[in-house]
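Come along and check each entry against the picture.

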Amino acid sequence: GARRDARMASTAFADAAHARAAMEECVIRFVHGSHGALEEVAARCVEEVFADAEARARWGTHDVMGEDDVQAYVRMVTFPKASVSDRFVARPGFQLALRLPHYAAPPAPAVEEEPARKKQRMTSGRKRMAGSPRMATTSVSASGPASHRLVTRGGELEALAVGTSETSAAFRSQTGKLERAFEKMVKATDEAEQAQKDVLDIEAEIEAVQIDQSKLPPPRLDLSDMPNFDLPYDVLTYTGDPDDRHAVLAHRKHIDHETERLKLAKENWISKKKKDLKRKSKKMAPELKQLINKLEATKRIAAQKLEKAAKESMHVDQIRSDMGMAIERRTEQAIERDVKKEAQRLERELQKRKREDAREEERRIKEERIAKEKARPKFPMEDIKLIEVDKRMAQEDGREPWPDVVSGTRWETTNEMLQKIEITEFLNTFGGDIGGDGKHMTVDTFERAVDAFDATQLSRMYIMLLHVALDSLASRYKSLVTLWSECLDMGTYPEILLQYAKSKFHAAGTVDEETLRIVSSLQTRTVGEWSHSEHCHVLSWLVNECLESKTLHNIIDTRINERAALSKEITKAKRAAELAKTEKDAAAATQQAQDAQNGENADDIEPTETAEDKPTDKDVDAGIATVPSPEKPEKVIDPEEQRRKEKMFQLRTRAQTIGHDRNRTAYFWNLAQDSSCIYAHHSDDTWSKISSEAELADTEKSLNLKGIRELRLSKNITAIRNDIVNGMNIAAEIAMFPASVPVKNRENVEMWTQSAQREVHAANYIRNTLSLLIRDIKQIADVSPDGTRSGWRTWTRTLSEANSKAELLQCVLQMEETIYAMSDAPRMILSGKNAPAESIIQWTNDQLHAQNGVSSDVYVKESCESPDDGEITREEDEDKGEIEGDAVAYVPYNNDWWELIIPSDTANAKRRLWRTDQERLIWQEAMNKANSIARLAYGVAMLTAYSRQLILVLERQRQAMVASVLKAEALEDRAFMYERGGYKHY
């Protein structure tokens with residue numbers, strides 16, 4: 001708004017002084033309330049208010065303000081700032097005159113103590129204190145060179161780059177007049193600011209008096225003197241003929257009329273009493289009235305002083321404009337001289353540069369000749385660069401270039417298989433740190449876990465991944481995430497997975513359409529009815545969610561730090577081994593020299609083997625025995641070194657690669673515990689496999705050891721080549737003699753469906769949780785579903801025998817009724833008029849839409865389709881409504897039942913199970929309409945979380961009561977001992 005007001009300033013100015021005043025008003029409006037450094041704000045102001053062509057057309061022929069002018073004026077009219085983050089605030093006088101929004105003044109910066117001020121002589125012959133503030137003036141022309149602008153700093157007026165002494169004398173002649181006018185303006189501004197402060201002080205006093213009056217107790221309505229408005233007994237009694245029907249009806253009509261008249265008279269009497277009470281409460285205190293009168297008088301004085309300050313400011317601007325125009329005329333000659341000198345300087349620099357370019361060309365030619373002589377490729381080098389170098393060398397040597405890398409046979413994989421590898425590798429890498437058993441898993445074991453009949457291992461994988469992924473919503477839904485973490489179990493994880501996916505979709509939008517579709521199907525299906533591919537897709541999504549959680553980030557940071565420490569330890573061990581080897585080689589060389597010196601004096605000389613004595617191929621074919629050559633001793637592996645390697649592998653943070661080739665193809669071995677082949681992932685996102693020793697040999701031959709990456713890849717393959725070949729041979733033997741594979745459970749569709757629909761884990765969770773609640777309730781209260789303490793045995797037996805959803809639902813509702821009877825009544829928010837007729841959940845959503853001002857008679861399913869398919873998402877719909885002025889009405893969003901009763905983040909120490917009756921009805925309706933036992937299990941978990949505070953309060957009350965009873969018994973024993981033995985005996 002300030003920028004718009006500044007750009008819409010009037011363009012009709014009487015003279016330069018009025019134009020300058022309008023420019024300064026634009027600067028104040030732009031700067032007031034802005035943040036940032038002074039230089040940045042001044043640059044933005046000049047760019048948006050004065051710089052563009054449209055702005056110059058509005059200002060006409062008048063010279064506009066530059067950045068230095070704006071900075072000097074902002075320093076004068078705003079409060080000083082302590083830091084760059086504070087906002088610019090205009091002084092109160094300018095706020096009142098220009099009707100700017102009121103902002104509190106920023107804290108004053110720390111000022112060092114200044115030495116005592118000394119008097120000094122001014123040019124006008126007057127005395128003033130040295131260091132006292134003076135106005136920062138600038139010339140009217142802001143388009144000229146910065147060196148010709150006049151600035152005041154530290155109380156000294158300086159003429160920057162003024163060519164002659166006449167210009168300086170002319171400038172000094174106007175200084176005295178300008179300073180006197182400025183001192184008058186500063187004095188008037190200070191008086192206006194003081195008046196504004198007085199106004200603010202009086203307003204604060206008025207506010208304090210009003211607050212004190214508001215704290216007084218409100219007057220109460222006195223109905224003690226209200227007359228009797230009831231009909232007397234003789235009027236109510238009918239004394240006529242009881243058989244006369246017309247008389248009886250007339251009597252009844254008369255009684256109704258009199259009753260209505262008296263009721264109206266009573267209401268009028270009470271209304272009159274209320275009006276009198278309201279009139280008395282509106283009477284203003286005398287002190288407040290005096291302050292208001294004082295405020296009006298002070299405002300009038302402040303307005304007068306402000307008008308005076310504005311006139312003085314315009315007078316200063318007029319003087320400054322005249323002085324700037326005079327100085328500008330006198331500086332034109334100095335500018336011409338400067339231009340001439342600059343041209344001469346540029347000519348000299350041009351000649352000097354030509355001489356330097358000539359010498360540089362000679363030096364470059366010499367260096368190129370030397371570089372061509374010394375240019376020889378150094379190996380190993382970067383692989384991409386090596387391709388071009390090898391082509392050039394092959395052309396020079398007359399040979400074929402180095403062949404392409406052989407990466408095995410192409411592997412046509414599927415997205416589901418890649419998801420399995422991703423999940424398995426993640427669990428093998430981080431499973432031990434996030435709650436797993438630490439056992440390594442292959443793709444085959446993962447498939448068997450997904451297809452297992454009881455789904456125990458599959459449920460543990462879901463629980464383990466959900467525990468880590470819930471961290472991403474902890475900052476937004478603290479209490480809800482706490483509830484999920486506490487009740488996450490084999491029986492509740494399907495419902496928590498559904499709620500987490502929905503919350504993640506609406507909070508961050510990181511759930512893809514396919515995942516949302518699969519997880520949303522839990523509203524009508526059980527998790528056991530999912531297909532193999534659906535489990536893989538959801539588990540892969542959970543793995544990606546875990547990678548963004550704080551828990552996993554902390555684990556990765558810890559591993560990185562430990563790997564760095566272990567790398568330092570390995571480097572230190574290598575250096576010690578190299579030093580020991582050097583010392584050993586030196587000792588061996590010394591010993592060899594001594595042995596050679598001693599051998600010169602020996603008489604016996606060892607016979608050397610000649611070519612005739614060596615066995616030939618014919619001797620071998622003829623069976624002539626030959627002496628076998630000594631075998632090369634195997635390298636002894638240091639146990640400590642082996643321990644470090646294993647530790648380094650355990651501290652990995654991603655899938656370990658063997659290396660990369662020139663095409664940036666990544667090679668993996670033992671990926672997902674599969675040692676039967678080497679996987680090659682190409683840059684175009686395709687895969688290939690090296691599954692035999694022959695293919696491995698071809699790959700090794702195709703590697704160019706002159707490249708950095710391929711040399712490293714070759715070394716890594718050589719280091720583990722025996723392990724790779726052994727894994728390939730074992731896989732080949734298994735393929736030749738396959739073992740009998742048991743029939744998977746998924747192939748028996750009927751048996752699998754029955755197991756999936758039974759939901760054994762959820763039923764067990766309900767029984768265990770309700771049993772724990774029974775144990776807590778028995779300790780604090782003598783209640784049971786049938787009203788007797790012994791009724792728990794019968795109810796527990798019924799619970800243990802319950803298998804169907806209906807039987808478990810009955811037990812859950814009975815437990816809720818029992819706990820509800822122990823708690824205080826919740827707040828009543830439903831009445832007969834507004835109580836829902838059918839669904840409390842739908843009614844609650846209607847109420848929420850009505851509160852937000854959205855019609856609740858139109859509902860559509862929120863779009864999960866991509867915007868490219870023509871659907872309008874929730875965020876685009878809101879943005880469209882904002883752009884078109886709310887022309888598009890957003891269709892309201894219906895919350896699920898669990899979203900309507902999310903626990904509060906604040907602690908509740910009351911004896912209350914539910915906060916409102918509405919929460920209880922929502923929970924009961926959700927349990928009655930639950931289509932799976934997993935939803936019942938989650939409802940039991942929510943009931944346990946809501947009743948935890950109630951049980952704690954009742955337990956504390958029971959303990960306090962027991963303590964009071966024990967204390968009373970101790971006092972009675974003490975009095976009894978006193979009476980029997982006397983005081984001394986006692």
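My entries start with the ground rules, then go to the sheet, its hairpins and some helices.

**Ground rules.** I am working with a predicted model, where local features need pLDDT of at least 70 and side-chain atom pairs count only at pLDDT 80 or more, while totals for chains, interfaces and linings use all residues. Residues are numbered from 1 along each chain as its sequence is written, and side-chain values use heavy atoms, with hydrogens and water left out.

**The sheet.** I looked up the strand order first. I found an open sheet of 5 strands, β5-β9-β8-β7-β6, with antiparallel pairing. Strands and helices here are DSSP runs numbered from the N terminus (E, at least two residues, for strands; H or I, at least four, for helices). Two strands pair if DSSP finds at least two bridges between them. Which strands stand at the edges? They are β5 (409-411) and β6 (657-660); each has a single partner strand, so one side of each lacks a neighbour in the sheet. From one strand to the next, I noted an average twist of 30°.

**Two hairpins.** β7 (residues 666-671) and β8 (residues 674-681) run antiparallel and are joined by 5 bridges. Ala666 has His681 in β8 as its bridge partner. The hairpin of β7 and β8 has 2 residues between the strands, and Ala672 takes a positive phi near 55° there.

Next I followed β8 to β9 (residues 687-690), an antiparallel pair with 4 bridges. Ile678 stands opposite Ile690 in β9. This hairpin has 5 residues between its strands, and Asp685 in the turn has a positive phi of about 65°.

**Helices on the sheet.** Helix α23 (residues 708-719) lies across β6 and β7, and runs at about 150° to β6. Angles run from 0 to 180 degrees between N-to-C directions, with axes fitted to C-alpha atoms, for helices over the stretch in contact. Helix α24 (residues 721-736) also packs on the sheet, where α24 touches β7, β8 and β9. Contact means heavy atoms within 4.5 Å.

**A helix pair.** How far apart are the axes of α16 and α18? The axes of α16 (residues 493-507) and α18 (residues 532-546) are 13 Å apart, and the helices pack at an angle of about 55°. That makes α16 oblique to α18 (under 35 degrees is roughly parallel, over 145 roughly antiparallel, 65 to 115 roughly perpendicular, and the rest oblique). I listed the contact residues: Leu497, Tyr500, Ala501 and Lys504 of α16, with Val538, Trp541, Leu542 and Glu545 of α18.
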